[in-house]
Amino acid sequence: MAMMRTEPSSSSAPQFEIKAQSRGRDNAVHPASSTTSMPFKRWAPWLVPAFVVANIALFVATMYVNNCPKNSTSCVATRFLGRFSFQTIKENPLLGPSSSTLEKMGALEVEKVVHGHQAWRLITCIWLHAGVLHVLANMLSLVFIGIRLEQEFGFVRIGLLYVISGFGGSLLSALFIQSQISVGASGALFGLLGGMLSELITNWTIYANKLAALLTLLFIILINLAVGILPHVDNFAHIGGFLSGFLLGFVFLIRPQFGWVSQRNVPPGYIATPVKSKHKMYQYVLWVLSLTLFIAGSTAGLIMLFRGVNLNHYCSWCHYLSCVPTTKWSCDAGPVYCQSTQIGNQLNLTCLSSGKNNTYIIDNTSQVRQLCAQLCS
């Protein structure tokens, strides 16, 4: 899964199951010969599938608005797809729309968020995708991760976890990456992974095979974060989404003690070990601490964003969290310059650093800067 600046990359998480066990001292049900199963409610998932449909529908709408045959001189699969055809592979190798269309549809662009009073882009960008490959990879990840969580915790908690984590990912991205647009659901997906980790920690006592579950989950998280060091992948959205989901998981995904639930579901004729408190003390402590940290962090982040703060000025090495330069690729996101000629609404651009050339059909000159950055990327 990947939150994209220009070119997404994805790693779908494998599906795995964590089984619960009863612990004799806390939640035994007598007589001892009886067997028990976890009495937690199972939900029928519908919100996660609805999120998948919404993301795909918005991608189709984005391609409709893009209308490559009308707005570009060269497109991919025009004969079969008509106005839904893709931009050229050189322009968008993920089979998708142009950057200007994504910007029009609500992509995260810091300048418009801060100076254009368009804070809604912090939310809308998580529903947009840069191409067919991007949306398919993220939706597969959402199905693998989200449906299991919705079955366990219900649509309200998982829906809130998904959307708020996506917002947290957008916020951290906007504080570090301010020269490029960003789209993708990966911040929200990393929030679900973060929530799974905190859920395992806060509900530690009800799980069997704890260490195996923890190592498996950490491996999945690290692999997905490692993808973020590639160029054009917005790893700050991944990190922000993960941290938001990790904190919110202690709030939304807390479970009562097994014994507390068991004594309220004990069959007639059986005696359950009495448990007075619904949750353990450490669960309450984690709940309060996590909610406080999330509110404080989000508030501070929003204040810094709308004051125009660029956190790269205060952290000289943080840019390596999103891209590590190698001999195979560059992470340079410095200013780009193009030579342009325009006849009517037809604009010809040449990137001065690479020599690449392309012709565009534009509605107004405000698109030139974005098209130049896109051509030189």
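User: Is Cys 315 buried or exposed?
Analyst: The model is predicted, and the answer is computed from it. The relative accessible area of Cys 315 is 13%. The cut-off for buried is under 20%. Cys 315 is therefore buried.

User: Which residue forms a disulfide with Cys 315?
Analyst: The criterion is a pair of cysteine sulfur atoms within 2.5 Å. The sulfur atom of Cys 315 has such a partner 1.8 Å away.

User: What is the handedness of the link of Cys 315 and Cys 318?
Analyst: The angle about the S-S bond decides this. For Cys 315 and Cys 318 the value is 80°. The link is right-handed.

User: How many disulfides does the protein have?
Analyst: Another joins Cys 68 to Cys 75, S to S 2.0 Å. By the 2.5 Å rule, the count comes to 2.

User: What is the handedness of the link of Cys 68 and Cys 75?
Analyst: Both Cys 68 and Cys 75 are buried. The angle about their S-S bond is -100°. The link of Cys 68 and Cys 75 is left-handed.

User: What is the relative accessibility of Cys 125?
Analyst: Cys 125 counts as buried, so its value has to be under 20%. The value for Cys 125 is 0%.

User: Where is Asn 67 found?
Analyst: Asn 67 has a positive phi, near 45°, in a residue other than glycine. Its relative accessibility is 11%, so Asn 67 counts as buried. Helix H2 covers 47–66 and helix H3 covers 68–71. Asn 67 is in the loop between H2 and H3.

User: Is Ala 77 buried, partly exposed or exposed?
Analyst: Ala 77 lies in the loop between strand S2 (75–76) and helix H4 (78–81). Its phi is positive too, near 65°. The relative accessible area of Ala 77 is 30%. Buried needs under 20% and exposed over 50%, so Ala 77 is partly exposed.

User: How do H2 and H9 lie to each other?
Analyst: H9 spans residues 155–176. The axes of H2 and H9 are 10 Å apart, at an angle of about 40°. Angles under 35 degrees would count as roughly parallel, and 65 to 115 as roughly perpendicular. H2 and H9 are therefore oblique.

User: How many nonpolar residues are in the contact of H2 with H9?
Analyst: H2 brings Leu 47, Val 48, Phe 51 and Asn 55. H9 meets them with Phe 155, Ile 158, Gly 159, Tyr 162 and Val 163. In this contact of H2 with H9, 2 residues are polar and no residue is charged. The nonpolar count is 7.

User: Which residues are in contact with Val 132, leaving aside its neighbours within four places in sequence?
Analyst: Val 132 lies in helix H8, residues 132–153. At 22% relative accessibility, Val 132 counts as partly exposed. The residues in contact with Val 132 are Phe 59, Phe 86, Leu 94 and Leu 95.

User: What percentage of the residues of the protein count as buried?
Analyst: The protein has 377 residues, with 15 helices and 7 strands. It exposes about 18000 Å², and carbon and sulfur atoms supply 64% of that. The share of residues that count as buried is 48%.

Terms used: Residues numbered from 1 in each chain as written. Predicted model: local features only at pLDDT ≥ 70, side-chain atom pairs only at ≥ 80, totals over all residues. Heavy atoms only, no water. Buried < 20%, exposed > 50% of the residue type's maximum accessible area, 1.4 Å probe, protein only. Helix = DSSP H or I, 4+ residues; strand = E, 2+ residues; numbered from the N terminus. Axes fitted to C-alpha atoms, helices over the stretch in contact; angles between N-to-C directions. Parallel < 35°, antiparallel > 145°, perpendicular 65-115°, else oblique. Contact = heavy atoms within 4.5 Å. Nonpolar A, V, L, I, M, F, W, Y, C, P; charged D, E, K, R; others polar. Areas by Shrake-Rupley, 256 points an atom, 1.4 Å probe, with all protein chains shown as cover.
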